Amino acid sequence: MLKVTHSRPEQEEHVAGELQAKKIAFLATDGVEQVEYTEPRKAVEEAGATTHLVSLEASEIQGFNHLDKGDKFPVDKTASEASVDDYDGLVLPGGVANPDFLRNDKDAVQFVRSFFEAGKPVASICHGAWTLVEADVVKGRTLTSWPSIRTDIENAGGAWVDEEVHTDRGLVTSRKPDDLPAFNAKIIEEFAEGAHPEQAEALASTERR
């Protein structure tokens, strides 16, 4: 008898409840690429995590499907009131306008940097890396992003690679929506592992130089 086996996508190989008791922040504002927000949030929630949308104002944000308006999403906390102590990890979705607004807000930038200082895992996809650059946390790290941000990353002291997902000491990065299956699988893995002391150590080492 012929034995038939079925392989499962990587993102489905995680155990249900793997992120039970974990709380993950999603930092985004108007112009966020909708699928880069909704799909990772769905993935970590299905793995058992509680999620919060953190943004610049306590209202709602406008999602976009590339250049077309998508849905609106209610904000749970503002960046000025959110604390890294309340979360186990951070996700930075992309979209061109979204990170451009975020990197001009000092509370949002400090919120991002605080995760690195605390050694907690951070994930960024597509244009989300702009906020990492503004937070001055890419020096000495290897990451990926939407290709047009490569120069910004390299000018900030980081090394850029063209990979669907790359992990560097608790920092997970991907290039675009097509990378979401690999991105979602990896962020669940990193969030499940918890704090990464080497995340904070890497930041501290660059500050001493």
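Threonine 78 touches Val54, Ser55, Leu56, Glu57 and Ala58 when residues up to four places away in sequence are not counted, contact meaning heavy atoms within 4.5 Å. The model is predicted, so local features need pLDDT of at least 70 and side-chain atom pairs count only at pLDDT 80 or more, while totals for chains, interfaces and linings use all residues. Residues are numbered from 1 along each chain as its sequence is written, and side-chain values use heavy atoms, with hydrogens and water left out.

Threonine 78 belongs to strand β6, residues 77-78, and its side chain makes a polar contact with the side chain of serine 80 at 3.0 Å. A polar contact is a pair of N or O atoms within 3.5 Å; within protein, one must be able to donate a hydrogen and the other to accept it, and residues adjacent in sequence count only if both atoms are side-chain atoms.

Arginine 175 sits in the loop between β12 (171-174) and α6 (180-193). Its side chain makes a polar contact with the side chain of aspartate 162 at 2.8 Å, and the arginine 175 side chain also reaches the backbone oxygen of glutamate 163 at 3.3 Å.

Glutamate 190 is found in helix α6; helices (H or I, at least four residues) and strands (E, at least two) are DSSP runs numbered from the N terminus. Leaving aside neighbours within four places in sequence, glutamate 190 is in contact with Pro121, Thr167, Gly170, Val172 and His196.

Buried means under 20% relative accessible area, exposed over 50%, and partly exposed in between (1.4 Å probe, protein chains only).

| Residue | Relative accessible area | Class |
|---|---|---|
| Threonine 78 | 9% | buried |
| Arginine 175 | 17% | buried |
| Glutamate 190 | 6% | buried |
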